Amino acid sequence: MNSSALALDQAQADDRADFQEAVLAGLSHVPRAIPPKFLYDARGSALFDAICELPEYYLTRTETAILQKCGGQIAKLAGPHCALIEFGSGSSVKSRLLIEALPDPAAYVPIDISRRHLDATAAKLRGDYPSLKVEPVCADYMALTELPVEVSPARRRLGFFPGSTIGNLDPGEAVAFLRRTRRLLGPGGALVLGVDLKKDPRRLHEAYNDAAGVTAQFILNLLHRMNRELGANFDPAGFEHEAFYNAAEGRIEIYLKSLRPQMVMVAGRRFAFAAGERIHSEYSYKYDDAGIAALARSAGFTITRTWTDPGRLFAVIYLNGMP
Ligand code: AVI
């Protein structure tokens, strides 16, 4: 086995150990909870891509349409020769809109935890934009305090955090992440942030309870993942996906709910579930103008410009770091 295959093997073993530790801690905790980042194994990522295409899931479509419209204005604010840094880049679909709009960008730095995703995406981008320097960083952007790569000399670092992923962080985590990001972007840095807006709760409910049941499969995949990777014996038919809008907290809450009393083994440990008992799997916070302003202020950003769609479903915000 060559050294890069060995490193990949080691990385996989580390990922599995992290997953096991988080699951055992999360299932022992009251109330039970497993961090949402574990929803995204290969199958979970494919299911999330399918969610983005659903008629009920307006977020991706709406944000893309806003970026298509405001790309030129973002480019004007950012100016020439900026380094575009994307947090959680996945397949970098939306960043292409900015790469194409920005005048002579110095570099594109996609940051993603999945090495395979990152390498494949970087290769495609280099093919499509031969003059663009693509400098991928394989890291958990939530834990990143500085860039581990030499970014080509750039006039400004422009961060990009689309998709309402900020909504999956609780408000304290969101402020902490934005503060770290502001520091990482440095003096003169700016951030383009995608935020899902508060709206008719029925619309929100439908977006997380789609008729085709893809969101349910996405959440239930966590049980399959624990069976596959941790030798667990969850019966996925013994659980259901539960998602609802909590208006007081301004968030969608998503759980796996046990449909009957049952005993489950995970990594050699036994867990008893009562009928109706839940495992929390995700929050998805929704913001209004005041909430966005408070978030930006607490993290040391000023809002330079906000773009929304005609139905005010989603917002793309250009934030400048306060000096
Ligand atoms: C990735 N994130 C922004 C999605 C959301 O809308 O909160 C995750 C998701 N969970 C269920 N559907 C979509």
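Where does S164 lie? S164 is in the loop between strand 5 (156-161) and helix 6 (171-185). The helices (H or I, at least four residues) and strands (E, at least two) are DSSP runs, numbered from the N terminus. The model is predicted, and local features need pLDDT of at least 70, side-chain atom pairs count only at pLDDT 80 or more, and totals for chains, interfaces and linings use all residues. Residues are numbered from 1 along each chain as its sequence is written, and side-chain values use heavy atoms, with hydrogens and water left out.

S164 has a positive phi of about 65 degrees and is not a glycine. Its relative accessibility is 2%, so S164 counts as buried. Here buried means under 20% relative accessible area, exposed over 50%, and partly exposed in between (1.4 Å probe, protein chains only). R312, also a residue other than glycine, has a positive phi near 50 degrees. R312 sits in the loop between strand 12 (301-308) and strand 13 (314-321), and at 42% relative accessibility it counts as partly exposed. Most residues other than glycine have a negative phi, and most peptide bonds are trans. The peptide bond that joins V30 and P31 is cis, with omega about -5 degrees. P31 lies in the loop between helix 1 (3-28) and strand 1 (32-33).

The ligand comes next. Of the 14 residues around the ligand, Y57, N168, Y208, E282 and S284 come nearest; a residue is near a molecule if one of its heavy atoms lies within 4 Å of it. A polar side-chain atom of N168 is 2.8 Å from a nitrogen atom of the ligand. For Y208, an N or O atom in the side chain is 2.5 Å from an oxygen atom of the ligand. E282 has a polar side-chain atom 2.7 Å from a nitrogen atom of the ligand. On its own the ligand has 340 Å² of accessible area, and the protein covers 97% of this. Such areas come from the Shrake-Rupley method with a 1.4 Å probe; for residues, only the protein chains shown count as cover.

Helix 2 (42-52), helix 8 (214-230) and strand 11 (278-285) are the elements that give two or more residues to the shell around the ligand. By residue type, the shell divides into seven nonpolar, six polar and one charged. In this division Ala, Val, Leu, Ile, Met, Phe, Trp, Tyr, Cys and Pro count as nonpolar, Asp, Glu, Lys and Arg as charged, and the others, Gly among them, as polar.

In helix 2, the buried residues are G44, S45, L47, I51 and C52. Seen down the axis of helix 2, these residues fall within an arc of 160 degrees, so they line one face of the helix. The arc is that of the directions from the helix axis to the C-beta atoms. Helix 3 and helix 8 are among the elements that cover the buried residues of helix 2.

Helix 4 (residues 93-101) has K94, S95, L98 and I99 buried. Its buried residues fall within an arc of 145 degrees seen down the axis, so they line one face of helix 4. An α-helix has 3.6 residues a turn, so residues three or four places apart point the same way. The exposed residues V93 and E100 are on the face of helix 4 turned away from its buried side. The buried residues pack against helix 3 (58-78), strand 2 (82-87), strand 3 (107-112), helix 5 (115-128) and strand 5. Within helix 4, S95 has a relative accessible area of 0%. Leaving aside neighbours within four places in sequence, S95 is in contact (heavy atoms within 4.5 Å) with L84, E86, Y108 and F160.

K286 is found in the loop between strand 11 and helix 9 (289-298), and at 3% relative accessibility it counts as buried. The side chains of K286 and S284 are joined by a polar contact of 3.0 Å. A polar contact is a pair of N or O atoms within 3.5 Å; within protein, one must be able to donate a hydrogen and the other to accept it, and residues adjacent in sequence count only if both atoms are side-chain atoms. Beyond four places in sequence, the contacts of K286 include D196, Y208 and Y245.

G276 is in the loop between strand 10 (269-273) and strand 11. G276 counts as partly exposed, at 37% relative accessibility. Its C-alpha is 5.8 Å from that of L259, 17 residues away in sequence.
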